[in-house]
Amino acid sequence: MIVAGFGFRGSATEESLADAYAKAGTAHVAATVSDKVAGAFSAFAKAQGLSEKGVSAEDLVVQDTVTQSFTSLAERGTGSVAEAAALAAAGEGARLIKARVISDDGCATCALAESAE
């Protein structure tokens with residue numbers, strides 16, 4: 001199973017998320033921080049036919065990320081919300097297959113992880 005993890009600003013639109021996703025590749029599941037599973041994220045996932053998965057803040061901070069965003073570190077305790085969400089949602093033993101990419105408007109990031117199964 002491939003999971004697309006997302007990090008995004010409050011101002012991100014469905015189009016922001018779709019742009020980041022298009023740059024990353026395709027997946028079966030869209031994941032982000034549990035408190036952001038709503039609004040533009042839910043609309044994006046539904047439009048893409050992806051199931052949604054929320055990841056707890058605790059599960060984010062224990063993931064090793066390839067990239068490091070000072071904003072993500074300060075606000076969420078992880079170098080990349082997108083990478084951490086993808087890895088956490090893909091489960092134990094998951095591996096990152098696409099490091100985070102950024103939407104053209106700078107409001108959303110997307111990374112891909114593959115489950116060990």
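**Salt bridges, strands, cysteines and rings**

User: Starting with D19, what's its relative accessible area?

Analyst: D19 comes out at 23%, which makes it partly exposed. On that scale, buried means under 20% relative accessible area, exposed means over 50%, and partly exposed is in between (1.4 Å probe, protein chains only). This is a predicted model, where local features need pLDDT of at least 70 and side-chain atom pairs count only at pLDDT 80 or more, while totals for chains, interfaces and linings use all residues. Residues are numbered from 1 along each chain as its sequence is written, and side-chain values use heavy atoms, with hydrogens and water left out.

User: Okay, which residue forms a salt bridge with D19?

Analyst: K23 does, with the closest N and O atoms 3.9 Å apart. A salt bridge here is a side-chain nitrogen of Lys or Arg within 4 Å of a carboxyl oxygen of Asp or Glu.

User: Where do K23 and D19 sit relative to each other?

Analyst: Both are in helix 1 (residues 14–24), four residues apart, so about one helical turn separates them. Helices (H or I, at least four residues) and strands (E, at least two) are DSSP runs, numbered from the N terminus. K23 is partly exposed too, at 34% relative accessibility.

User: What else does K23 meet in a salt bridge?

Analyst: D104, at 2.5 Å from N to O. K23 is in helix 1 while D104 is in the loop between strand 4 (95–102) and strand 5 (108–114), so this pair ties together parts 81 residues apart in sequence. D104 is exposed, at 65% relative accessibility.

User: How many salt bridges does the structure hold?

Analyst: Four. One of them joins the side chains of D35 and R76, at 3.1 Å from N to O. That pair links distant parts of the chain, 41 residues apart: D35 is in the loop between strand 2 (29–33) and helix 2 (39–48), and R76 is in helix 4 (residues 70–76). D35 is exposed at 57%, whereas R76 is partly exposed at 24%.

User: Switching topic. Is strand 5 mostly covered or mostly open, and what's it paired with?

Analyst: Mostly covered: six of its seven residues are buried. Strand 1 (residues 2–8) runs antiparallel to strand 5, with seven bridges joining them. V3, for instance, has A113 in strand 5 as its bridge partner. Strand 5 also pairs with strand 4 in the antiparallel sense, over five bridges, and there R95 stands opposite E114. Two strands pair if DSSP finds at least two bridges between them.

User: What's in the hairpin of strand 4 and strand 5?

Analyst: There are five residues between the strands, and G106 takes a positive phi near 75 degrees.

User: How many disulfides does the search find?

Analyst: Zero, across the whole structure. The cut-off is a pair of cysteine sulfur atoms within 2.5 Å.

User: Now the rings. How many aromatic pairs are there?

Analyst: Five. In one of them, F6 and F44 have ring centres 5.2 Å apart and planes at 65 degrees, so that pair is edge-to-face. F6 is in strand 1 and F44 in helix 2, so the pair ties together parts 38 residues apart in sequence. Both F6 and F44 are buried. Then there are F8 and F41, with centres 6.0 Å apart and planes at 5 degrees, so they count as stacked.

User: What are the cut-offs for rings to pair?

Analyst: Rings of Phe, Tyr and Trp (its six-membered ring) pair if their centres lie within 6.5 Å; planes under 30 degrees apart are stacked, over 60 edge-to-face, and the rest tilted.

User: Are F8 and F41 buried or exposed?

Analyst: F8 is buried, at 15%, and F41 is buried as well, at 0%.

User: Which residues form the aromatic cluster?

Analyst: F6, F8, Y21, F41 and F44.

User: And what sits over the ring of F8?

Analyst: The charged end of K36, 4.5 Å from the ring centre. A charge counts as over a ring if NZ of Lys or CZ of Arg is within 6 Å of the ring centre and within 35 degrees of the ring normal.
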